[in-house]
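Here is a short briefing for someone opening this structure for the first time. Please keep the sequence and the 3D view side by side as you read.

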Amino acid sequence: MPRSRIRVWAMLALRLLILAALVAGGLALVGWMQGHVADLEAAAQRRTLTSLVIVAMVAYALIIAIPFIPGIEIAVALMVMAGPVVAPFVWIATVLGLMLAYLAGRWIALGWLAGLLTDLRLHRAAGLVCGIAQEAPEARLAALARRLPRGLAPLATRYRYGLIALLLNVPGNIALGGGGGILLGAGVSRLFTPGRTLLTIALATAPVPLAVWLWGAGLLT
């Protein structure tokens, strides 16, 4: 086998190994959370933010940042088990985790991502990423509007922050990558500014924790 082909396959294997490690890490965090979420009830009853609660919030923020990991279910479990006292911290962890996913998307080198997609034979997606790297934001928005049905074009372009808020609250958004996948894609697109994205995430994720904080976790059961 030619050396160049060996190198291509070695790079593909390395990238897949990195992705597998991220998925395995996310699943391990989910398992840890499921094993310790019940312990938060006693901590919440003492009305103190113990080290366990802090670790749980950090773990939850990392979980929700990973695409296709169902972090919202863990947030609900945390609030049901620990009660209203933990709701503000769940909201803060949700905002931080989703913002981490967005920043990771902005940090990813588009050339590297296009190469990974090409190695995985996802040539259409690789072409879209190359377009993001080469076009100005206005040109990318215009191209997106042309590809979408007329009724959806304004929502995905002019009101794109509202679309992100809507997608974060749509049941079954795990099919779109969950909150982490949605915000990762938003970061990769380079069409969303950090400040407006942070405000969008904060407002979109506030209603449920706020309701639990004010009226109790019985709303979720």
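The notes below cover a pocket, a helix pair and some record annotations. The model is predicted. Its second largest pocket has a volume of about 520 Å³. Helices α5 and α13 pack with their axes 8 Å apart.

**The second largest pocket**
- The lining counts 32 residues.
- I72, E73, L168, N169 and N173 lie nearest the centre of this pocket.
- Helices that each supply at least two lining residues include α3 (51–65), α4 (71–82), α5 (87–107) and α10 (160–169).
- α11 (178–189), α12 (194–205) and α13 (207–215) also supply at least two each.
- α4 gives the most, with 6 residues.
- By class, the lining has 21 nonpolar, 10 polar and 1 charged residues.

**The pairing of α5 and α13**
- The two helices pack at an angle of about 170°.
- α5 and α13 are therefore roughly antiparallel, as angles over 145 degrees count as such.
- On the α5 side, A87, P88 and W91 make the contact; on the α13 side, P209, V212 and W213 do.
- This contact has 6 nonpolar residues, no polar ones and no charged ones.

**Annotated spans**
- An unreviewed UniProt entry places the feature "transmembrane region" at residues 52–82, 89–114, 161–186 and 198–216.
- In the model, residues 89–114 are 92% helix and 0% strand, and their end C-alpha atoms lie 37 Å apart.
- Residues 161–186 are 69% helix and 0% strand, with end C-alpha atoms 10 Å apart.

Conventions: Residues are numbered from 1 along each chain as its sequence is written. This is a predicted model: local features need pLDDT of at least 70, side-chain atom pairs count only at pLDDT 80 or more; totals for chains, interfaces and linings use all residues. Side-chain values use heavy atoms; hydrogens and water are left out. On a 1 Å grid over the protein atoms alone, a cavity is a set of points where a 1.4 Å probe fits but cannot get out, and a pocket is an open set with protein on both sides within 12 Å along at least five of seven lines; lining residues have an atom within 4 Å of a point. Grid points are joined across faces, edges and corners, and a volume is the space filled by probe spheres set on the points. Helices (H or I, at least four residues) and strands (E, at least two) are DSSP runs, numbered from the N terminus. Ala, Val, Leu, Ile, Met, Phe, Trp, Tyr, Cys and Pro count as nonpolar, Asp, Glu, Lys and Arg as charged, and the others, Gly among them, as polar. Axes are lines fitted to C-alpha atoms, for helices over the stretch in contact, and angles run from 0 to 180 degrees between N-to-C directions. Angles under 35 degrees count as roughly parallel, over 145 as roughly antiparallel, 65 to 115 as roughly perpendicular and the rest as oblique. Contact means heavy atoms within 4.5 Å. UniProt positions are given in the numbering used here, feature names are shortened, and annotations may be inferred rather than shown by experiment.
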